[in-house]
Amino acid sequence: MENLAKETNSPLGPAMMRVAAELYPICRSITGNGLRESLRILQNCVPLEIREVPTGTRAFDWEVPAEWNIRAAWIKDGSGRTVVDFRDHSLHVVNYSRPIHARLSLNELRSHLFSLPERPDWIPYRTTYYRDTWGFCLPHRLLTSLADGEYEVCVDTSLEPGNLSYGELVVPGRTTDEVLFSCHSCHPSLANDNLSGMVVAAHLAASLRQRQNHLTYRFLWLPGTIGAITWLARNESVVPRIRAGLVLSCIGDSGPFTYKKSRRGDAEIDQIVSHLLSPESGDRLIDFTPIGYDERQYCSPGFNLPVGCFMRTPNGCFPEYHTSADNLDLIKPDSLSGSLAMLQRIVDVLEQNRFCQNLNPKCEPQLGRRGLYRALGGLSNTGLEQALLWVLNFSDGRHSLLDIAERSGIPFATIAQAATLLEQHELLVSETPSPTSGR
Amino acid sequence: MENLAKETNSPLGPAMMRVAAELYPICRSITGNGLRESLRILQNCVPLEIREVPTGTRAFDWEVPAEWNIRAAWIKDGSGRTVVDFRDHSLHVVNYSRPIHARLSLNELRSHLFSLPERPDWIPYRTTYYRDTWGFCLPHRLLTSLADGEYEVCVDTSLEPGNLSYGELVVPGRTTDEVLFSCHSCHPSLANDNLSGMVVAAHLAASLRQRQNHLTYRFLWLPGTIGAITWLARNESVVPRIRAGLVLSCIGDSGPFTYKKSRRGDAEIDQIVSHLLSPESGDRLIDFTPIGYDERQYCSPGFNLPVGCFMRTPNGCFPEYHTSADNLDLIKPDSLSGSLAMLQRIVDVLEQNRFCQNLNPKCEPQLGRRGLYRALGGLSNTGLEQALLWVLNFSDGRHSLLDIAERSGIPFATIAQAATLLEQHELLVSETPSPTSGR
Amino acid sequence: MENLAKETNSPLGPAMMRVAAELYPICRSITGNGLRESLRILQNCVPLEIREVPTGTRAFDWEVPAEWNIRAAWIKDGSGRTVVDFRDHSLHVVNYSRPIHARLSLNELRSHLFSLPERPDWIPYRTTYYRDTWGFCLPHRLLTSLADGEYEVCVDTSLEPGNLSYGELVVPGRTTDEVLFSCHSCHPSLANDNLSGMVVAAHLAASLRQRQNHLTYRFLWLPGTIGAITWLARNESVVPRIRAGLVLSCIGDSGPFTYKKSRRGDAEIDQIVSHLLSPESGDRLIDFTPIGYDERQYCSPGFNLPVGCFMRTPNGCFPEYHTSADNLDLIKPDSLSGSLAMLQRIVDVLEQNRFCQNLNPKCEPQLGRRGLYRALGGLSNTGLEQALLWVLNFSDGRHSLLDIAERSGIPFATIAQAATLLEQHELLVSETPSPTSGR
């Protein structure tokens, strides 16, 4: 475990906040114009491509649903006063509600109203993707204040053949081995879940486009569940190239990091994130469960990809989760930039980690002759000398550089530096094309 | 670990006590009429078959010994007063004593008398199966009270070609995979060791005969060591079908459960019993040792069967062990019925545990379309929904339902229910014939 | 872990001290007459052979350096007074210094003088094997007392084609499987590091020559690094026969034992030493690192030999390390003899440890018939009876006798005795030729 300063005062924190603020009011769903518009806003950060998949397209056991769009939704009381209006908050309407315009008694209306008695000022988040109904969400305090009588209800939505939209960006590297970053982008006005993931992914992609990379990076902004399933169905040929991946969610709050391991539990990405987490700062490592975000699909047994889920406070573990209190106040510029910095460290290890072979495996090579060892004997080895000896001894093709760092307790960066030095002196060879060799 | 109410007020407790009381006075041994009569009494509970194996029959390195029967045994003092009489207690005679009728001085007699100085009122239990001698066991208080002088000793036994008897009952199931329950039945008047095992086995067998089972159950009531060795020698063709087994001993006292694992240590039976034990109630799990009961034979390296030993207080760990104080007061109706209930729970898991294959392994299937998922999104998953996701994700042929229950923390019964539901919806298939499929 | 009385009052303690005292003043190096003379002194203990390898001989990536010899080395001040003289202490000259005779100012001289400011009365130990320079080591108190002015410096050494010397002794056993004991013998007047290893190795070899052994024992006294590399290069055909080995260093101080495991970590030698160490006495087990003594070469990935490093206080962990304070006062007769006794215990287990096959694997054999089991039943098993049952049950070719001792908690000696008894009764056979069978 290497200690990290997680909260950085990077200027990217405020920049990411501004993008989140622009995205916040939009009513996103698993299809529709809100999702499409959000992806276009992210195009200001990175040139992601917006893919459109027609309604009815098969994706394994599923099919792409009809596209949902909403123009208005409100409830007026007997006096014509608007008591709930979708224009005030995108959470007011149950997502994927079918259209209705009718007059109902409060009693008839009540079964379509959702609130949180234990949080009387918050609006809950509800969806009805696969059942043909409608509803409103409102603060419990408002619900209990509604007088008996007749109400006029209007849900002006459309559910028609259209498309499911998702964003995709590939940052090519020297090899076609891929690292996948995936974030669900289908939630309406919820900031931590998951505007945080969406904007950090965009800025991570932007930073990777600035440099030469060993690995290829693929970013996906897609609707949860159906989006990931659709992407997997359309990209089965890409799947074998995925060397590592992370689902990004809830990474804007001020909690410590939580990493949920891939289903494999011992994948390289699991080892890397575990290595970089700081338990003494409260960071937590949890085992895979098939409950959560799109790791459910990436880690389904037919794929079993090395994809974990990178979070701060996990879904369901903060009180504001899935309510109107998950707003822009809940996410912090420093938390966003700290999450970005950690992801960049993860990328740095992914770029450099490799299996090597000692080309002089019988006894140590004479490092002194090559200027790699102190001239005067009788003293303790320096850090780099020790790293050279560790890399030489354990480069038998079965220990990665990260394995050697963990076993020796020497920082990964020093181990990687030693390996590069030994490669330059032709004492070591990477088993896979080296990240610095340009192959 | 699932919490269990171990002490049940089942009416079977008193019923089992009555059978134990009927068996208690009989002088059992590894052969002879006492053993035969005991098996006949158990036939009132279940239609076990009594097998007879002739003296001299080879069984691996052993051979069936001569049959021993006893009519009387007593010691009279110089005045003709009977000071020790086998009719008072079957432990008074060293089991397998050869016949003698003689007059001896107290000094000559003494080397044939056994007592427990530290427990002066208890009679010890001693045997001499394979050495041609005789002896008496008596309370130390009585031994020290014997006056010098001549004594008349009579041991009216016979040791002649005959048979070794054991009881066997097979309860056939839909498959020929077998579960073995074995209990030693050769001890004279000792209640916990092992009338408790004998009567609980009989009542477990009776309950299994009342229902349709997936697995085949085989019960053995046999003399320790030579009985198990003889059975194994005669049934080598059955051995490969034994999927799990338990030796039952000392399950009538009021202690918590102790499970001694099979030699394999990681057999399904070991996992099941470990899962059901309640460490917080004092239940204990111990590793296999080759000291104990007939698991010594079932787990000899040439067989290495998945057979553990199910006990309450283990042999040698209660002071009454192998003395006249191991009497009917030591065993309790609730302990017997609690042991029976635990064995039935073990059977329930054995019946339902299986390896399954997810038939839709790429991404999750759409459970909502099949009515297996809540209609309204945004809430936490229910217990059964979570169980469905766990079963789907881990049904890759390498995780049993019990593995999934342990990994998820969801009760086995819920996991098994989810698996059955998924099988009904053709989303899952059992790798071995399903316990409910009737195949 | 078996408890050991580690400090013995063996008369060998004082004997080993006398040899150490004889060796102490000599100026050893990685080549030269001091090393050669030291090996000749050890020949008084055991008939080791002195091997000479010519300068320039290739050894993997290395070559044998020129031979270094020293006649004199001193510094005189302006008044002609000798302020530093090699005749006072072999550490005064930087080992492998090239010859020089010159007059220098204190300022010019200073870059060739080495001291320990934090230990002003101690002389440090420095070497310059592979760089063409010279230098003196002296107490810091003396260094700071030197007045300005001109000094006359004389280093009367030669660095010429010659030989690298090492000592080798093979004690043949009934099998050609070898146990390697290796100790670096190149340090000048340093007692714990490593006269202790040199004299204990000689006395261990002498004791093994007194008896018939199952295994073959090879002892090496060689210069660190280049000596081990040279030996390996000349003996690649011996390497496959090495079943176990120990590097011996720093075993004369009064600290508890420290065992550094082989690179494999689970080799037989690792298990044996771990088994015999006494953590409650402070003995410590540490993982392999490629920093240390010649285990660096034996455990290089191209060899990966089962060779650990046996120490008391490890190199660098006592303040006197690599200074003139590592003198004869630091090592104790009882520590030397305690180390020797522990090595003999290690040898005893190596000699007897083996994998066996139960020749009667189906059920237990009838031990009573063979006089191996108590006649009177109903009592607990004795220790030897239990050992017989453990050995029989686990002798499936996959558990060594030491595995069985550890699993059963029975002392190794009792397990070995049981195995020998079972072999005598033809119930067991060693998979490798038995140490007592004379094969």
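Buried area is the accessible area, taken with a 1.4 Å probe, that two parts lose on being put together, summed over both. Keep that in mind, everyone, as we start with chains C and A. Between them, chain C and chain A bury about 2,400 Å², with 52% of it on carbon and sulfur atoms.

A quick word on what you are looking at. This is a predicted model, in which local features need pLDDT of at least 70 and side-chain atom pairs count only at pLDDT 80 or more, while totals for chains, interfaces and linings use all residues. Residues are numbered from 1 along each chain as its sequence is written, chains are lettered from A and ligands numbered from 1 in the order in which they are written, and side-chain values use heavy atoms, with hydrogens and water left out.

Back to the meeting of C and A. Chain C brings 27 residues to the contact, and chain A brings 27 residues; contact here means heavy atoms within 4.5 Å. Five salt bridges are counted between chain C and chain A, a salt bridge being a side-chain nitrogen of Lys or Arg within 4 Å of a carboxyl oxygen of Asp or Glu. In one of these, the side chain of C:Arg296 meets that of A:Glu364 at 2.6 Å, N to O. On the chain C side, helix H6 (226-234) and helix H8 (295-298) each supply at least two of the residues that touch chain A. Helices (H or I, at least four residues) and strands (E, at least two) are DSSP runs, numbered from the N terminus.

Now, how many salt bridges join chain A and chain B? The count there is five. A:Asp61 and B:Arg370 form one, their side chains meeting at 2.8 Å, N to O. Helices H6 (226-234) and H8 (295-298) of chain A each give at least two residues to the side that touches chain B. The area buried between chain A and chain B is about 2,400 Å², and carbon and sulfur atoms give 52% of it.

How do the copies relate? Chain A superposes on chain B by a rotation of 120° with 0.1 Å of shift along its axis, at an RMSD of 0.1 Å. The two copies are thus related as by a three-fold rotation axis.

Let's go inside chain A. Its C-alpha atoms fill a box of roughly 95 × 40 × 35 Å along the principal axes, and the chain has twelve helices and 19 strands. Of its 439 residues, 62% are buried, where buried means under 20% relative accessible area (1.4 Å probe, protein chains only).

One strand to find on your screen is S10 of chain A, residues 163-171. Seven of its nine residues are buried, so by that definition S10 is mostly covered. S10(A) pairs in the antiparallel sense with strand S1 (residues 49-54) of chain A over six bridges; strands pair if DSSP finds at least two bridges between them. There, A:Glu52 has A:Ser165 in S10(A) as its bridge partner. S10(A) also runs antiparallel to strand S12 (residues 216-222) of chain A, joined by five bridges.

Note on methods
Least-squares fit on C-alpha atoms with pLDDT ≥ 70 in both. Buried < 20%, exposed > 50% of the residue type's maximum accessible area, 1.4 Å probe, protein only.
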